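Biologist: Please take a close look at one part of this model for me. Pick a sheet and its surroundings, and go step by step.

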Amino acid sequence: MAGPLWRSRRFVAESLMDQDSRSSETLETLPLDSWHRSKGARMVPFAGYEMPVQYEGIIAEHLWTRENAGLFDVSHMGQLLVHGRSVDTALERLLPGDLRGLPDMKLKYSLLLDDDAGIIDDLMATRRGDDFYIVVNGATKHGDIHEFETRLPGDVVVDYMKEQALLALQGPRAAEVLERLIPGVGELGFMQGGPFQFSGRPTWISRSGYTGEDGFEISIPGTQVQELADALTSDPLVKPIGLGARDSLRLEAGLPLYGHDLDHRTTPVMAGLNFAINKRRRGEGGFAGAMRILAELENGPPQKRVGFDVDSRQPVREGALVLDGEGNEVGKVTSGGFSPTLQRPIAMGYVGTPFADIGTPLKLEQRGKLFDVRVAAMPFVPHRYHRKGAA
Amino acid sequence: MSLYFTKEHEWIRVEGDQATVGISNHAQEQLGDIVFAEVPEAGRQLSKGQEAAVVESVKAASDVYAPVSGEVTEGNQAVADDPALVNTDPEGAGWFFKLKLSDAGELSGLMDEAAYRDWLKTL
């Protein structure tokens with residue numbers, strides 16, 4: 001909500017807004033802008049766009065996604081196609097992931113790093129033949145494109161697919177809903193993508209998402225996205241879901257949000273994203289920040305990203321300090337809120353490595369008030385991704 | 001009995017020198033799903049404009065301010081136990097606290113209901 005309407009200290013529009021979002025400039029509108037408004041969305045500025053933060057209410061939308069299928073408009077995210085000579089080898093200088101070994105049509109979560117191992121962005125990269133389709137965060141996309149263009153060799157080209165919209169359909173009923181509309185998508189395994197047809201025209205669909213549930217992300221031209229959104233929401237199992245529930249869902253799933261839980265001061269090892277650096281890349285190095293990352297893998301990072309179980313009914317939010325038993329500051333909360341699934345507050349943040357063991361009792365300080373917490377395993381709510389061969 | 005509102009979206013219902021304070025329907029709509037409420041204890045002295053209670057939704061944390069000065073006579077344990085009551089009945093059972101007015105003259109600076117609803121339309 002804009003203006004002095006309600007003296008809210010920490011409103012979602014601010015807490016969700018990535019740090020470099022330029023809210024003072026003119027906001028862009030999504031291809032589905034009027035569609036969202038017609039569905040009763042409350043729109044807020046986010047990542048340079050006017051975006052739906054909620055429709056009927058965050059808790060209802062959150063629980064709907066955990067039980068049925070939620071439709072998210074994530075068209076603010078940057079969709080890039082990177083191509084050219086030896087593009088996998090070229091990308092491996094900026095990203096610590098194994099892209100050369102990535103099979104066709106498979107997705108890999110990776111990180112765009114600066115030379116000191118700081119995280120410039122987190123992203124999903126998919127091999128499409130000789131090319132890579134990369135989805136980056138909305139607030140950081142222009143900076144990312146600049147990084148790629150200046151740091152990749154001249155014979156590697158970055159195309160910004162500006163006209164493509166991106167929808168996510170997430171939840172345990174997502175597969176049956178989408179299969180009815182686009183036959184064959186149910187055959188995709190988790191972190192696999194492929195070309196499909198909707199209404200006689202090409203779309204790109206992957207089995208992936210940001211909620212911890214099974215689900216899909218669908219890249220489709222902005223001119224066609226309303227037809228798809230209408231077709232999906234005509235199914236009674238599907239409701240549109242706003243940014244508010246997107247944030248609470250990903251927090252329960254223990255997934256970091258760039259600009260809050262990840263930034264240029266955090267490394268992949270501090271963030272607990274070691275899975276994104278495989279054995280070959282650890283052995284060979286040769287990526288931005290490798291020296292620091294390999295040292296942190298060897299000796300442990302100075303801080304680690306952890307979850308917190310909060311022993312209170314009051315949510316503890318981003319910015320709260322983490323204190324040890326003697327009152328020394330040992331870390332900071334980077335995301336926090338109320339878990340609709342667990343019906344209690346949860347949080348994540350960074351603590352000094354000696355305090356990062358599961359079960360370590362700590363205190364959080366928010367506005368002069370202390371909260372007892374324990375370091376918690378993440379995810380807070382188990383992932384339910386679709387594993388091929390699983391029941 | 002008189003009903004007043006503040007520009008911070010509190011309401012205050014006054015009977016003699018006793019007043020009941022809560023947040024308006026508009027405020028609860030803007031906050032969304034309320035998951036936490038903290039109310040003041042009886043006996044606490046509040047001066048006008050002071051932070052008196054806390055209300056938090058999934059997405060936001062806010063203070064409830066004392067619209068006028070006085071001594072708290074009761075905090076509403078029902079909203080502390082079931083914060084969603086503020087969503088379902090903000091201007092009734094979802095009240096936050098009662099207080100004994102120390103200066104009834106402070107009421108003259110507040111909006112009546114019609115003025116408040118008109119003012120909302122200008123936001």
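Modeller: Start with a term: two strands pair if DSSP finds at least two bridges between them. Keep in mind that this model is predicted.

Now the sheet. In chain A, three strands form an open sheet in the order β2-β4-β3. The pairing in this sheet is mixed. Its edge strands are β2 (28–29) and β3 (42–46) of chain A, and each of them pairs on one side only.

What joins strands in general? Backbone hydrogen bonds pair the strands of a sheet, in either a parallel or an antiparallel sense.

β2(A) pairs with β4 (residues 49–54) of chain A, and the sense is parallel. Two bridges make up this pairing.

Helix α8 (residues 243–252) of chain A lies across β3 and β4 of chain A. It runs at about 70° to β4(A).

Finally, step back to the domains. Chain A is divided into domain 1 (3–74 + 164–252) and domain 2 (302–391). Their contact takes 17 residues from domain 1 of chain A and 18 residues from domain 2 of chain A. Here α8 returns. On the side of domain 1 of chain A that touches domain 2 of chain A, α3 (58–67) and α8 of chain A each supply at least two residues. α3(A) gives the most to that side, with four residues. By class, that side of domain 1 of chain A has six nonpolar, five polar and six charged residues.

Key: Residues are numbered from 1 along each chain as its sequence is written. Chains are lettered from A and ligands numbered from 1 in the order in which they are written. This is a predicted model: local features need pLDDT of at least 70, side-chain atom pairs count only at pLDDT 80 or more; totals for chains, interfaces and linings use all residues. Two residues are in contact if their C-beta atoms, placed from the backbone, lie within 7 Å. Axes are lines fitted to C-alpha atoms, for helices over the stretch in contact, and angles run from 0 to 180 degrees between N-to-C directions. Domain bounds come from an automatic or database domain assignment. Ala, Val, Leu, Ile, Met, Phe, Trp, Tyr, Cys and Pro count as nonpolar, Asp, Glu, Lys and Arg as charged, and the others, Gly among them, as polar.
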